[in-house]
Amino acid sequence: MRKQKIKFLSLYFILLFILFFTISIPTSFAGLFDSTPELITVLNSAFEKIEEWLLKLATPAAAVAVGVGVFMKKFSFGDEERIKIAKKLIRGSLFSYGFILAINLILSAIKSLIGA
């Protein structure tokens with residue numbers, strides 16, 4: 001019983017020692033390497049290009065969708081089903097465009113998570 005306890009404690013302290021050094025050593029040397037890794041730089045530039053592309057594509061698409069919804073509502077001539085569809089189209093396109101405008105916040109959160 002006593003031998004098992006000593007084995008367990010020695011194994012426990014060895015694992016604790018290894019865990020301590022795997023956590024503390026990389027953080028202590030983090031100041032020595034100030035350059036950003038190339039993968040992070042490539043990901044940042046890719047995120048920025050995707051964001052620009054989405055904004056360039058989404059702005060006219062949202063304007064067209066809202067315009068179609070407005071005209072559909074205007075020329076529904078009292079048809080309740082067309083009015084519902086038009087309202088749904090306008091609401092959906094504005095929500096989607098708002099999400100695309102908020103993509104900058106989402107990409108910033110992703111960048112901060114990957115350490116850029």
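Predicted model: local features only at pLDDT ≥ 70, side-chain atom pairs only at ≥ 80, totals over all residues.
**Exercise 1. Aromatic pairs**

Solution. 
Step 1. In one of them, the ring centres of Phe71 and Phe75 lie 6.2 Å apart and the planes meet at 10°. Planes under 30 degrees apart count as stacked, so the pair of Phe71 and Phe75 is stacked.
Step 2. For Phe75 and Phe77, the distance between the ring centres is 6.3 Å and the angle between the planes is 55°. Stacked pairs have planes under 30 degrees apart, edge-to-face pairs over 60, and the rest are tilted; the pair of Phe75 and Phe77 is therefore tilted.
Step 3. Through these ring pairs, Phe71, Phe75 and Phe77 are linked into a cluster.

**Exercise 2. Accessibility in the aromatic cluster**

Task: State whether Phe71, Phe75 and Phe77 are each exposed or partly exposed.

Solution. 
Step 1. The cut-offs are these: buried is under 20% relative accessible area, exposed is over 50%, and partly exposed is in between.
Step 2. Phe71 has a relative accessibility of 53% and therefore counts as exposed.
Step 3. The relative accessible area of Phe75 is 45%, so Phe75 is partly exposed.
Step 4. Phe77, with 73% relative accessibility, counts as exposed.

**Exercise 3. The positive patch**

Task: Identify the residues that form the patch of positive charge on the surface, and the helix that gives the most to this patch.

Solution. 
Step 1. The residues gathered in the positive patch are Lys73, Lys84, Lys87, Lys88 and Arg91.
Step 2. Helix H3, which covers residues 80-101, gives the most to the patch, with four residues.
Step 3. With a relative accessible area of 40%, Lys87 is partly exposed.

**Exercise 4. The nonpolar patch**

Task: List the residues of the nonpolar surface patch, and find which helix supplies the largest share of the patch.

Solution. 
Step 1. Leu39, Leu43, Phe99, Ile106, Ile110, Leu113 and Ile114 make a nonpolar surface patch of about 630 Å².
Step 2. Helix H2 (38-74) and helix H4 (103-114) each contribute at least two residues to the nonpolar patch.
Step 3. The largest share, four residues, comes from H4.
Step 4. Ile114 has its place in helix H4. Its relative accessibility is 34%, so Ile114 counts as partly exposed.

Technical notes
Residues numbered from 1 in each chain as written. Heavy atoms only, no water. Patch = residues over 30% accessible without salt bridge, like charges linked within 9 Å, V, L, I, M, F, W, Y side chains within 5 Å. Areas by Shrake-Rupley, 256 points an atom, 1.4 Å probe, with all protein chains shown as cover. Salt bridge = Lys/Arg side-chain N within 4 Å of Asp/Glu carboxyl O. Lys, Arg positive; Asp, Glu negative; His and termini not counted. Charge placed at Lys NZ, Arg CZ, Asp CG, Glu CD. Buried < 20%, exposed > 50% of the residue type's maximum accessible area, 1.4 Å probe, protein only. Phe/Tyr/Trp six-rings, centres within 6.5 Å; stacked < 30°, edge-to-face > 60°.
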